[in-house]
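Here is a briefing on one protein model and its ligand. Please look over the sequence and the fold before reading on.

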Amino acid sequence: MKFPLMRNNILREDLDAVIAHLKQDDPMLTNGANVRAFEQEWSEWLGVKYSVFVNSGASANLLTMAVLKIRYPEGGDVIVPTLTWVSDIASVIQNGFTPIFVDIDPCTLAMDSQQIISQLTDKTRAVFLTHVQGFDGLTDELLTELAQRNIPLIEDVL
Ligand SMILES: Cc1ncc(COP(=O)(O)O)c(C=O)c1O
C-alpha cells in the first residue's frame, strides 16, 4: 500500500488570484500589499504580534539563526533533531553555533523531550525543533523547562 507524502492543495481560486495579480500592468512580485495583509492575518490567527514571510523554508531557517546570533554573538549550542532538513543544521553552523543532535521519539518523529532536557546546559542558546508531517512534537514538560531556563524554542513545521 502506498501513502503519498502530500497532495497538491492549490485551489482554482488561488490560481485565479495569482493570474489576476500577474496580469496587472506592473505587478509587484515580492513584499507587496498582499504579503503585508497575509502577515497580519496570520499573526492574528496565531495570536502573535508580528510575522515575517520569506521566500522559502531554508531562508526562514537562516533568518532565525541570524537573529539568534544578534542575541548571542559569542555563539554557543543549538539543540537540533536527527530527523530534519539539511538547512536546519546548515543555518546553525553558518551562524557560528554548534549543533547538538538529539534523537527523535518514534511516536511523534520530533526530538524526544526527555533527551532534550538532559542536554540543556548554560551554553544552550536555543532548541530548534522540527514538527514532522503535521505531528505535534511539543510536550508540557519541555515547554515548562525551557520557560524556566529562558531558552528560546524555535519551531520548524513541515
Ligand atoms: C523541516 C524543513 N525545513 C526547511 C526546509 C526547506 O524548505 P525550502 O525547500 O522551502 O527551502 C524543508 C524542506 O523540505 C523542511 O522539510
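How many bridges join strand S3 to S4? Five bridges join S3 (residues 124-131) to S4, and the two strands run parallel. This is a predicted model: local features need pLDDT of at least 70, side-chain atom pairs count only at pLDDT 80 or more, and totals for chains, interfaces and linings use all residues. Residues are numbered from 1 along each chain as its sequence is written.

**Overall fold**
- The protein has six helices and four strands. Helices (H or I, at least four residues) and strands (E, at least two) are DSSP runs, numbered from the N terminus.
- Along the sequence, the pattern reads α-α-α-β-α-β-α-β-α-β.
- The C-alpha atoms fill a box of roughly 55 × 45 × 30 Å along the principal axes.

**Sheet**
- Four strands form an open sheet in the order S2-S1-S3-S4, with parallel pairing. Strands pair if DSSP finds at least two bridges between them.
- S2 (97-102) and S4 (153-157) stand at the edges with a single partner strand each, so one side of each has no neighbour in the sheet.
- From one strand to the next, the twist averages 25°.
- Valine 127 has leucine 153, in S4, as its bridge partner.

**Helix pair H3 and H4**
- H3 and H4 pack at about 30°, with axes 9 Å apart. Axes are lines fitted to C-alpha atoms, for helices over the stretch in contact, and angles run from 0 to 180 degrees between N-to-C directions.
- H3 is therefore roughly parallel to H4 (angles under 35 degrees count as such).
- H3 contributes Gly57, Ala58, Asn61, Leu62 and Met65 to the contact, and H4 contributes Ser87, Asp88, Ser91, Val92 and Gln94. Residues are in contact if their C-beta atoms, placed from the backbone, lie within 7 Å.
- By class, this contact has four nonpolar, five polar and one charged residues. Ala, Val, Leu, Ile, Met, Phe, Trp, Tyr, Cys and Pro count as nonpolar, Asp, Glu, Lys and Arg as charged, and the others, Gly among them, as polar.

**Ligand shell**
- Ser56, Gly57, Ala58, Asn61, Thr84, Trp85, Ser87, Asp88, Thr130, Asp156 and Leu158 surround the ligand (C-beta atom, placed from the backbone, within 6 Å).
- H3 (57-71) and H4 (86-94) each supply at least two shell residues. The largest share, three residues, comes from H3.
- The shell has three nonpolar, six polar and two charged residues.

Definitions and conventions: Angles under 35 degrees count as roughly parallel, over 145 as roughly antiparallel, 65 to 115 as roughly perpendicular and the rest as oblique. Two residues are in contact if their C-beta atoms, placed from the backbone, lie within 7 Å.
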